[in-house]
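Trainee: I would like to learn how to read a protein model. Can we go through it feature by feature?

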Amino acid sequence: MVSNPVHGLPFLPGTSFKDSTKTAFHRSQTLSYKNGYAVVRRPTVGIGGERLQVNQLSQAELDELANKAPILTYGQPKQAPPAEFIPAHVAFDKKVLKFDAYFQEDVPMSTEEHYRIRQVNIYYYLEDDSMSVMEPVVENSGIPQGKLIKRQRLTKNDQGDHYHWKDLNRGINLTIYGRTFRIVDCDRFTQVFLESQGIELNPPEKMALDPYTELRKQPLRKYVTPSDFDQLKQFLTFDKQVLRFYAIWDDTDSMFGECRTYIIHYYLMDDTVEIREVHERNNGRDPFPLLMNRQRMPKVLVKNAKNFPQCVLEISDQEVLEWYTAKDFIVGKPLTILGRTFFIYDCDPFTRQYYKEKFGISDLPRIDVSKKEPPPVKQELPPYNGFGLIEDSVQNCFVLIPKAPKKDVIKMLVNDNKVLRYLAALESPIPEDKDRRFVFSYFLASDMISIFEPPVQNSGIIGGKYLGRTKVAKPSSTAEDPIYYGPTDFFIGAVIEVFGHRFIILDTDDYVLKYMENNAAQYSPEALLSIRNRIQKQEAPAPELEKEKHQEIKNVAQLPDYPELSGQGTACPESRSTFTGAKERPWSVEQELSKQTREDPPGVQELEALIDTIQKQLKDHPCKDNIHEAFQIYDQEASGFVDKERFFKICDSLNLPIDDSLIKELIRLCSHGEDKINYYDFVRAFSN
């Protein structure tokens with residue numbers, strides 16, 4: 001190693017000399033380990049052990065060198081934008097420190113209190129370093145409360161310095177305007193804020209209470225006068241005298257509960273109560289004689305005695321305000337003992353005599369507590385839904401897996417292949433349905449009915465099966481007790497209602513006549529008379545029939561009680577004209593009667609003759625549409641019947657001559673029962 005050249009000599013070979021004192025020419029170690037971690041160490045000596053001349057740089061200079069980039073390569077460096085300035089009123093907006101404090105106020109003019117503790121809340125607003133003091137309002141305190149010091153900056157000394165949040169802490173006194181406040185605690189936000197600013201908070205203190213307010217919360221003093229009751233005298237007077245009551249405990253409201261009978265004994269000598277059980281034979285219970293041992297029963301406990309361990313310690317007079325006495329046991333009133341409500345329904349004769357002498361209660365009647373068995377619930381069948389037969393559908397209400405109803409096998413064998421056939425017409429106000437004819441087939445083996453409509457060419461109505469084989473119930477019957485149509489209900493002139501449609505029987509076949517002749521006792525006189533008239537009309541000659549029809553028309557028209565309608569003057573709602581007379585119909589009355597004579601019974605013939613007579617006089621004034629529409633408004637079910645009262649109201653609204661003799665007779669023939677009128681036949685009298 002060559003040492004530094006001598007001063008004045010050039011640094012050339014031959015002009016430098018070695019330093020014999022230097023023996024180490026290695027580089028100093030710059031890395032080392034400390035506590036298991038690699039640490040960088042700055043060398044202090046160079047090669048040969050020479051002391052390095054170190055020029056220490058500041059941290060700012062080191063940062064500048066670290067961040068400085070060559071200008072020739074990257075250009076002039078860009079300065080980072082300064083941080084955004086946020087004013088204090090924005091940074092600390094709605095941020096308030098809250099402290100709980102109190103102050104002591106002297107009360108010189110009261111004998112009950114010498115000072116008063118008033119609790120307040122101190123608020124410090126960080127946005128402008130202002131403070132306010134608020135006192136919570138206590139109802140009916142009589143003290144002006146609320147805002148004690150409004151929001152402002154408060155001075156803390158005579159030099160004019162203001163309070164800062166650094167001056168506030170728990171467990172310190174704060175003097176504001178000569179009044180000293182003791183800060184005892186703060187909220188969570190205040191605690192976190194002060195700790196984040198490096199302030200060490202004092203431990204919280206307990207809030208001081210006002211002694212007078214706490215005194216008012218205590219219950220009033222009770223002064224109990226010692227009793228002069230002599231227990232020894234009570235023991236000697238009422239020894240072996242016991243009141244007996246008969247009571248029940250009704251626990252039927254709970255699950256598996258029942259009504260049980262007990263005997264309550266009240267011992268007059270020491271006012272103790274005993275409850276004994278009454279066991280019955282085979283009641284399934286263990287024969288325990290007592291429900292409750294003889295003891296005094298508390299009626300009203302003191303307020304703080306609810307948590308008293310009654311199962312361990314005996315209750316004394318200190319825990320009880322009132323005990324049960326004899327006046328609490330009254331026949332006919334409930335009594336709650338040990339959580340069970342007993343109803344006293346009777347007592348023995350000695351108890352009755354005691355209550356009469358002691359309390360003046362002479363009437364203690366025995367109350368009947370025996371419960372009557374509820375009547376059996378009547379099983380109501382649901383309404384019939386219209387599917388299948390009623391007997392078949394009702395089986396679903398009786399058993400889970402329904403079975404087919406039993407059939408009369410003997411009746412099916414005797415009446416096998418026996419069918420009664422009838423010719424019927426549909427009773428309908430629609431003109432197209434007047435000429436429709438139907439064949440009713442009644443099967444004697446199963447009492448079922450089927451309806452067939454013979455097809456008619458160019459009628460516009462498709463014939464065929466109108467109703468399949470089924471049982472048809474009468475409209476007056478119910479779903480619970482259905483009454484089906486039988487063979488005796490079918491005769492000429494009878495009205496059969498099938499599911500809301502009314503049919504009139506016009507004719508029968510020869511087998512029906514033979515069946516009615518063999519079973520004449522089953523049919524009504526009206527049914528036999530209709531068959532007799534049919535046979536007579538079939539045997540009568542044609543000329544005699546025509547004379548009979550002409551004579552019938554004359555008799556109807558020339559009756560003294562049947563004056564003509566032309567003199568009545570009835571207005572028609574459509575034409576606003578008056579019925580003035582009668583003209584001939586487009587078709588002959590004889591043809592109509594000839595047609596009806598072969599099909600209708602005498603009652604129907606009389607009705608048709610009367611309708612024909614009225615039509616002849618009212619031919620020029622058709623009112624059928626208006627009258628029919630008026631009746632249909634009130635007949636929503638389209639049954640063809642209306643009440644008599646509503647019928648006459650409709651006639652009055654249409655100005656129909658209901659006082660006329662012909663109209664009266666027509667109403668009588670159209671009546672169905674006592675309160676129904678068939679307005680279909682009535683409207684026919686006013687048609688063309």
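**Reading the model, step by step**

Mentor: Helices (H or I, at least four residues) and strands (E, at least two) are DSSP runs, numbered from the N terminus. Residues are numbered from 1 along each chain as its sequence is written. This is a predicted model: local features need pLDDT of at least 70, side-chain atom pairs count only at pLDDT 80 or more, and totals for chains, interfaces and linings use all residues, while side-chain values use heavy atoms, with hydrogens and water left out.

Trainee: Is Thr 470 buried or exposed?

Mentor: Buried means under 20% relative accessible area, exposed over 50%, and partly exposed in between (1.4 Å probe, protein chains only). Thr 470 has a relative accessible area of 16%, so it is buried.

Trainee: Which residues does Thr 470 touch?

Mentor: Contact means heavy atoms within 4.5 Å. Leaving out residues up to four places away in sequence, Thr 470 touches Leu 389, Met 448, Ile 449 and Phe 499.

Trainee: How do I read aromatic pairs, and how many are there?

Mentor: Rings of Phe, Tyr and Trp (its six-membered ring) pair if their centres lie within 6.5 Å. Planes under 30 degrees apart count as stacked, over 60 as edge-to-face, and the rest as tilted. By this rule there are 21 aromatic pairs.

Trainee: Why is the pair of Tyr 324 and Phe 329 called tilted?

Mentor: Their ring centres are 6.2 Å apart and their planes are at 55°, so the pair counts as tilted. Both Tyr 324 and Phe 329 are buried. Phe 440 and Phe 490 also form a tilted pair, with 6.2 Å from centre to centre and 55° between the planes.

Trainee: Where in the chain are Phe 440 and Phe 490?

Mentor: This pair links distant parts of the chain, 50 residues apart. Phe 440 is in strand β18 (residues 437-443), and Phe 490 is in the loop between β20 and β21 (495-498). Phe 440 is buried, with a relative accessible area of 1%. Phe 490 is buried too, with a relative accessible area of 1%. Both belong to one aromatic cluster, which also holds Tyr 422, Phe 438, Tyr 442, Tyr 466, Tyr 485 and Phe 503.

Trainee: Which ring does the charged end of Arg 151 sit over?

Mentor: First the rule: a charge sits over a ring if NZ of Lys or CZ of Arg is within 6 Å of the ring centre and within 35 degrees of the ring normal. The charged end of Arg 151 sits over the ring of Tyr 125, 3.8 Å from its centre. Arg 296 lies over the face of Trp 323, at 4.1 Å from the ring centre.

Trainee: What holds a sheet together?

Mentor: Strands of a sheet pair through backbone hydrogen bonds, either parallel or antiparallel. Two strands count as paired if DSSP finds at least two bridges between them. Here six strands form an open sheet in the order β12-β11-β10-β9-β16-β15, with antiparallel pairing. Its edge strands are β12 (290-295) and β15 (334-337), and each pairs on one side only. Look at one pairing: β11 (residues 272-277) and β12 are antiparallel over three bridges.

Trainee: How do I read the faces of a helix?

Mentor: An α-helix has 3.6 residues a turn, so residues three or four places apart point the same way. In helix α7, Thr 351, Tyr 354 and Tyr 355 are buried. Seen down the axis of α7, the buried residues fall within an arc of 95°, so they line one face. The arc is that of the directions from the helix axis to the C-beta atoms. These buried residues pack against β9 and β16. On the other side of α7, Pro 349 and Glu 357 are exposed.

Trainee: Which residues of helix α10 (residues 510-518) are buried?

Mentor: They are Val 512, Leu 513, Tyr 515 and Met 516. Down the axis of α10, they fall within an arc of 165°, so they line one face. Asp 510, Lys 514, Glu 517 and Asn 518 are exposed on the other side of α10.

Trainee: What about phi?

Mentor: Most residues other than glycine have a negative phi. Asp 129 is not a glycine, yet its phi is positive, about 60°. Asp 129 sits in the loop between β4 (115-125) and β5 (130-135).
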